[in-house]
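Open the model in your viewer and keep the selection panel at hand. The tour goes from stop to stop, each with something to select.

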Amino acid sequence: MTIGQVAEIFVMAVLGMIILKLGIRGTLVLGGCSYILRFAIWSVIAMSDTVGDTVVIIAVVSQSLHGISFACFYVCAFIYIDKVAPEDIRHSAQATFGISLVGIGPMLSGPVLALLSKAFGDGESITNFSGMWATLSVIALVATAIVLILFRDESNGDAGQDTEAKPNSEAETA
């Protein structure tokens, strides 16, 4: 995981520029696409009967996608919440989002893992890792498509476009 964490540091160092260039939605989609690619790579690797140098190199390099996926999806989402939440509830909004990520999310994904374990294993453990990783890639694809289609940036404007605050009343335009 160290490779993923190092990549994460580099991506976070330039995340502001990525958000300015792609906007919040584009950055979230980039993070989602990196999940799709990462899981797809692992699915293909799991199909291999032999583990040669090339497979190991691809597996190690694919771990760098963790930096893109984590920073562009999770960190960007926290940045967005910080931008849109009113100041008096900003901390509560961040805490609620964090709880949903590390509390509710894993609780809801447990039954999905049980289904995957039955579909790609013996119910106790997964034996068809290629199928499992491919399924996770499809789940990431669907989630990324939902973000692409339904997410609307409600901050001061899409970053990378017109980021100037728009006047909301006649008093502000005077």
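Select I149 first. This residue is exposed, at 54% relative accessible area (exposed means over 50%, buried under 20%, partly exposed in between, with a 1.4 Å probe and protein chains only). I149 sits in helix α5, residues 129-150. Helices here are DSSP runs of H or I with at least four residues, strands are runs of E with at least two, and numbering starts at the N terminus.

Together with I149 they make a nonpolar surface patch with about 580 Å² of accessible area. Patch members have over 30% relative accessible area and no salt bridge; nonpolar side chains (Val, Leu, Ile, Met, Phe, Trp, Tyr) are joined within 5 Å, like charges within 9 Å. Areas come from the Shrake-Rupley method with a 1.4 Å probe, and for residues only the protein chains shown count as cover.

A word on the model before going on. It is predicted, so to read it: local features need pLDDT of at least 70, side-chain atom pairs count only at pLDDT 80 or more, and totals for chains, interfaces and linings use all residues. Residues are numbered from 1 along each chain as its sequence is written, and side-chain values use heavy atoms, with hydrogens and water left out.

Zoom out and colour by secondary structure. The chain has six helices and zero strands. Of its 174 residues, 32% count as buried. The accessible surface of the chain is about 10900 Å², and 68% of that belongs to carbon and sulfur atoms. Among contacts (heavy atoms within 4.5 Å) between residues at least 6 apart in sequence, 68% join residues at least 24 apart.

Next, the largest pocket. Its volume is about 830 Å³. Select Y35, Y74, G105, S109 and I139: of the 23 lining residues, these are the closest to the pocket centre. Helices α1 (2-47), α3 (65-84), α4 (90-119) and α5 each give two or more residues to the lining. Which element gives the most to the lining? Helix α4 does, with ten residues. A pocket, on a 1 Å grid over the protein atoms alone, is an open set of points where a 1.4 Å probe fits, with protein on both sides within 12 Å along at least five of seven lines; lining residues have an atom within 4 Å of a point. Points are joined across faces, edges and corners, and the volume is the space filled by probe spheres set on them.

Select S117 in helix α4. Buried or exposed? S117 is buried, at 7% relative accessibility. Leaving out residues up to four places away in sequence, S117 touches D122, G123, E124, S125 and I126.

Move to N128, in the loop between α4 and α5. N128 is partly exposed at 35%. Its C-alpha is 8.1 Å from that of A46, 82 residues away in sequence.

Then take S130, in helix α5. S130 is buried at 12%. Beyond its neighbours within four places, S130 contacts S43, A46 and M47.

Last stop: D82 and R90. They form a salt bridge, with closest N and O atoms 3.6 Å apart. The rule asks for a side-chain nitrogen of Lys or Arg within 4 Å of a carboxyl oxygen of Asp or Glu, and it gives a count of one. D82 is partly exposed at 36%, and R90 is partly exposed at 23%.
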